[in-house]
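Hi everyone, thanks for making time this morning. I'd like to walk you through one structure, so let me put it up on the screen.

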Amino acid sequence: MGADSREGHVGRGARAQKARAEAVRAREVRTRGAEAYGRPARAYDRPARAYGTRARVAVLLACGGLLASGCATMPDSGEVQPVKGSGQGDSQVRVYAVAPRENADPDEIVDGFLEAMTSDDPGFSTARKYLTKKAAASWKPEQSITVLTTAPNRDQVDRNADPDDRGKAYPLSGRKIATVDARHAYQPNSPVDYQQAIHVVQQPVANGKGREWRIDSLPPGLVLGEADFLRNYRSVNKYYFASREDWVVADPVYIRQRQDPVTRMDPVTQTVKALLEGPTNWLKPAVDSSFPSGTELGKGVTTLTTDEQSTLKVPLNDKADGVGGVVCRRMATQLLFTLGDLTSVRVEQVELLGSAGQSLCRLGKGQAAEFAAVRPADRDERPYFVDEHGKLMMLIFGEKVADTAAEVSGPLGEDTANLQSIAVDRGETRAAGVGRNGRDLYVSSITNDEEMPPPTLSSKGVKPEERLSAPSWDGRGDLWIADRDLAAPRLWMVPGGTGTPLKVNAPWLARDVRIDALKVSADGVRIALAVTQNGHTTLQIGRVQRETTDDEPVVSVLDLQPAAPRMESVTAVSWAGPSRLVVVGKEAGGVQQIRYLQTDGSTSPTSVLPGLNAVKSVAAPHSDDEPLVAYSGDGIVRLTPGTNWQSVVRLGRSPVYPG
């Protein structure tokens with residue numbers, strides 16, 4: 001290579017590096033601007049990434065109701081200007097890919113393809129134009145998504161990789177934070193280095209006159225920065241029945257925000273298709289689907305819309321033709337709960353149709369509500385706490401009067417209770433309390449006065465912090481608690497809250513592993529665990545499996561998966577609905593924060609709650625109608641949406657909602 005060629009290449013590389021840096025700075029400015037307005041950064045227009053190529057993308061904001069005559073496209077050149085988004089949950093930003101120009105150099109081919117992966121192009125047809133015919137035929141973008149903290153860095157070509165100049169290898173790098181599999185399941189991980197490569201070669205053009213650079217080898221699936229991932233995909237809950245039970249369990253997955261490029265399905269149809277495909281691999285052993293095996297949408301269905309009565313008719317293939325009665329009602333229940341998470345459509349009832357268009361059954365939301373893990377109560381959810389004397393108390397929030405603390409019946413509400421932590425069952429008829437020294441667990445009524453019963457369970461731990469954790473009730477009425485004894489760590493379940501304690505099978509629990517805190521979901525299928533090992537406390541989600549062997553019940557917690565891998569330490573956790581958690585913890589090098597997380601570990605830029613000092617515990621209601629409650633250096637405080645933390649009880653501690 002001559003000196004002029006080398007200088008030209010270096011010049012292009014320097015310009016590419018500069019352009020990438022400018023794009024990153026522009027992206028950061030837009031992100032900060034969006035957060036300043038209290039909206040997700042992805043609701044803002046973002047610039048096309050600049051990689052030092054001539055390829056550009058056009059960004060289009062979807063038309064609003066004020067634009068009666070159509071949409072206007074934005075120019076593909078000029079200075080970057082911030083654009084305010086609509087503030088709605090779904091992103092309105094559209095990115096359109098641009099095909100490679102004639103005689104594009106290999107840098108442009110690689111950069112153009114990376115940008116095209118972030119687009120809504122049907123079938124990713126434009127992205128495939130950057131590939132050789134063989135690579136285009138074998139590339140399956142729907143099979144997986146690799147999520148990086150930012151868009152992948154395309155480094156300069158590795159000229160030592162191909163000494164005979166048969167092609168060029170471009171290293172890709174970044175920090176991987178998650179993958180999404182073919183069943184749409186989000187699988188987070190602690191940020192790790194991502195190293196892959198894209199290889200380009202020259203191939204003959206269609207007319208045989210000349211050669212063009214194209215990609216012949218690339219990483220599997222899609223590779224997206226987190227901002228692009230959240231702009232293109234959204235989290236929804238599919239619902240399945242807890243194994244052999246009559247209530248549903250949430251199974252979060254990610255679908256496209258708009259029409260899926262591969263299936264051409266709208267978000268409603270994508271969601272129904274994902275439900276019919278069955279539960280995610282992690283949840284599958286603990287849940288059942290009422291849909292017969294092989295049930296799919298009717299052939300060619302890509303759009304599902306409601307009629308004037310908000311009824312959604314769902315055509316199915318012949319695998320469902322024979323269902324009816326209870327089975328069909330359960331199928332419709334799964335659909336109604338699943339579609340209830342989509343804000344873009346209002347579904348009051350669903351009607352299932354067979355392969356010939358015949359009606360199989362129809363079910364309304366009110367009828368499906370009986371299958372909820374937590375059914376709508378006649379009374380508001382109210383938190384409980386331990387007062388300065390160690391007795392159980394109940395908080396009553398007032399809209400026009402001051403918040404008050406009310407006494408609770410039963411021995412745990414007496415001055416002699418001397419409690420350290422408590423849990424109230426979801427029916428609010430019984431409570432469990434751990435004594436002040438952490439050694440003994442007591443269970444009693446909170447509706448009738450009675451004598452303090454003997455301990456249900458006791459720990460032999462040497463120190464208070466090495467004894468019993470705070471207890472937790474699931475929706476089945478079973479009570480859970482961990483013994484943190486360093487010599488014999490245990491996880492216990494008390495059937496019905498009053499039966500003989502049952503040792504839970506937890507093969508991951510060893511002498512160097514301690515459960516600091518636990519919270520069981522209302523459906524009883526999942527358990528959130530603050531697990532300490534090697535001095536670090538992480539948040540894990542375990543799957544609860546129940547079976548009977550030789551007439552003996554066996555309960556196991558298996559396959560722990562990280563729920564907050566970016567947090568270096570976790571202090572407290574609470575369930576906040578079917579598949580959402582409130583977590584208190586710190587990221588590496590950061591300060592303590594309180595934020596919402598999905599049980600699959602995914603999050604959003606707007607999930608961080610107002611700051612609070614020295615938080616020791618947190619409690620969230622099952623619905624969004626009641627405030628979040630926490631115990632900090634300021635005592636018990638509450639957070640109502642749209643306000644800041646407010647003091648409730650100065651000397652109280654350990655607040656909990658039923659559960």
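Let's begin with the lining of the largest cavity: nine of its residues are nonpolar, five are polar and three are charged. Please keep in mind that this is a predicted model. The space in that largest cavity comes to about 170 Å³. Which residues sit closest to its centre? Out of 17 lining residues, those are Arg 426, Ser 574, Trp 575, Ala 620 and Pro 658. Two elements each give two or more residues to this lining, namely strand E26 (513–520) and strand E30 (567–575). If you search the whole structure, you find four cavities of 30 Å³ or more.

Now to the sheet. Here we have three strands in an open sheet, ordered E12-E13-E14, and the pairing is mixed. From one strand to the next, the twist averages 15°. Strand E13 (residues 349–353) and E14 run antiparallel, joined by five bridges. If you want a spot to look at on screen, find Val 350, which stands opposite Leu 363 in E14.

The protein chain has a mean pLDDT of 85, with 83% of its residues at 70 or more. Where does pLDDT stay under 50? That happens over residues 1–90, a stretch for which the model has 128 contacts beyond four places in sequence.

How values were computed
Residues numbered from 1 in each chain as written. Predicted model: local features only at pLDDT ≥ 70, side-chain atom pairs only at ≥ 80, totals over all residues. Heavy atoms only, no water. pLDDT = per-residue confidence, 0-100. Contact = heavy atoms within 4.5 Å. 1 Å grid on protein atoms, 1.4 Å probe; cavity = no way out; pocket = protein on both sides within 12 Å on 5 of 7 lines; lining within 4 Å. Points joined across faces, edges and corners; volume = space filled by probe spheres on them. Helix = DSSP H or I, 4+ residues; strand = E, 2+ residues; numbered from the N terminus. Nonpolar A, V, L, I, M, F, W, Y, C, P; charged D, E, K, R; others polar. Pairing = 2+ DSSP bridges. Axes fitted to C-alpha atoms, helices over the stretch in contact; angles between N-to-C directions.
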